[in-house]
Amino acid sequence: MMSAALRQWLCLLACVLTVISLKAEGASVGITFLQDAVAKGAVCLDGSPPAYHFDQGSGTGVNNWIVHMEGGGWCEDVATCLSRKKTDLGSSNLMVKQFGFSGLLSSQQKSNPDFYNWNRIKVRYCDGSSFTGDVEAVNPADNLFFRGNRIFEAIIADLLAKGMKNANNAILSGCSAGGLASILHCDRFRALLPSTTKVKCISDAGFFIHAKDVSGGQQIENFYGQVAKLHGSVKNLPASCTSRMGTRPELCFFPQYVVQTMQTPIFFVNSAYDSWQIKNILAPSAADKGKAWKNCKLDLKKCTPEQLKVIQDFRDQFLLAINNAGVQNSSSMGMFIDSCYAHCQIGKQITWSSDSSPVVGNTKIAKAVGDWYYERSAVKKLDCSYPCNPTCPAVDSESGLDV
C-alpha cells in the first residue's frame, strides 16, 4: 500500500509538472511602445509612453480582435502614485519586454479553441485609474501624469489603424482593475468600432461591489472617491451612469450602477468570494486594527464560524448587486460566478481551461465564455456557496494588496 508521504510527494510532483507545462504554453509576445502617444499627452504616471503586447491573428481569426486590459489596483493620492511610478504599474520603462500569453490570450487551439487565432492584445496598465484619468496640469513638485483615459484612446486608435477598423469580431476584456476598465469603457469601445463589427466585453474579477467593511465603515467608497478626484476621472465615467447619480458621480466606479444602463453585451467571470474584495473591501487592514481577520483572509479554512457567516453575507451582497444590475435577466449578458477564493481567472491557463480549472454546472470558464460569445447557448452559471466546489484551486494565487 502506498504511504501517505509518498502520495503527498506524487501529488506535489503532479502539480509542479502541470504548472511547468502550462507555463510552457504561454507564448512570449514582444512589447510595443506607443511613442506617438506622448505628443498627445497619453502617458504613464512618470510620463513614459503607453505600451501593449500584440500577437497577430491568423487564418479564420485574422479579422477578429481581443483587447485585454491589464490589472493592478489603483493609486489614490500623490504618495501612492509616486510609489507606483517606480514600478511597471507606473512606468513603461520598467515593463518586461516579453510577456507570456495564456488563458483567453493563448495561441493554442486545444486549450483556447474559440479565440486562439484571433489578434490578441494585452494593454499594459501604468496610470493607476483603470484608464479613466485625464488631468492636463502636471505639478512640478511630483511630476505625475494622470492620463489613463488618453492612454485608452491612443491605444484603441493605434489598433484601429493597424487593422481593427476591419474587425468582424471584437472583445474588450480585462482582469481586476482592467476588468473594471472593460466595464467602464465597454460602450465607448463599441462606439469606436464599425457598426458591422460584433462587439462584446468580458470582465474578469472586475465587479467590485459598493459595500461596508467589517467595522461598518465605507473604505472602498472613500477610496474610489479619492481615485476619481485625483485623476479627474468623473468626466470619463459612463454618462449613462453619472447623469443618474446626482452629486455622487464618482460612485460610477462601482459596476452595479454602470451595468444597469449598458448597451453592449458583457460577460462577468467572478468569484462570489473574490479574494481581493474580501481582503480589501470587506476586511481591509484599516478596519481590522486588532488583526482578527489576518489568518482568515489568507485562508478561508482558518476563519471562525462568525467570520464565515460575515463572508457568506458578503456573497449575498455580491449576488444582490449582480441581480440588481440586471445581469440575471438580460438576454445579452452572461456570467460565470464560482465559489473559489480567487481573483482573476481568464488569463491563466490553469483556471481558464485545464484539468485543474474550476467547474460550475459541468462547464469550465473557457467553454462558458465561448458559448456566450458565439451564442451557442445562454450562459448564467452560478455556483453553490463555499466550500461546496471541489474543483476550486486549493490556494488563492492572485489576491492583490490592501488598498
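Helices here are DSSP runs of H or I at least four residues long, numbered from the N terminus. In this predicted model, K367 and D371 both sit in helix 13, four residues apart, or about one turn of the helix. An α-helix has 3.6 residues a turn, so residues three or four places apart point the same way. The two form a salt bridge, with the closest N and O atoms 2.6 Å apart. K367 is partly exposed at 48% relative accessible area, while D371 is buried at 8%.

In total, the structure holds 15 salt bridges. One of them joins K200 and E375, whose closest N and O atoms are 3.1 Å apart. This pair ties together distant parts of the chain, 175 residues apart: K200 is in strand 7, and E375 is in the loop between helix 13 and strand 12. K200 counts as buried, at 5% relative accessibility, whereas E375 is exposed at 55%.

Turning to E70, this residue lies in the loop between strand 3 and helix 2. E70 counts as buried because its relative accessibility is 11%, under the 20% cut-off. Its side chain makes a polar contact of 2.9 Å with the side chain of R124 and reaches the backbone nitrogen of Y125 at 2.8 Å. Beyond its neighbours within four places in sequence, E70 is in contact with residues including F99, F131, C175 and G178.

Terms used. Residues are numbered from 1 along each chain as its sequence is written. This is a predicted model: local features need pLDDT of at least 70, side-chain atom pairs count only at pLDDT 80 or more; totals for chains, interfaces and linings use all residues. Side-chain values use heavy atoms; hydrogens and water are left out. Helices (H or I, at least four residues) and strands (E, at least two) are DSSP runs, numbered from the N terminus. Buried means under 20% relative accessible area, exposed over 50%, partly exposed in between (1.4 Å probe, protein chains only). A polar contact is a pair of N or O atoms within 3.5 Å; within protein, one must be able to donate a hydrogen and the other to accept it, and residues adjacent in sequence count only if both atoms are side-chain atoms. Contact means heavy atoms within 4.5 Å. A salt bridge is a side-chain nitrogen of Lys or Arg within 4 Å of a carboxyl oxygen of Asp or Glu.
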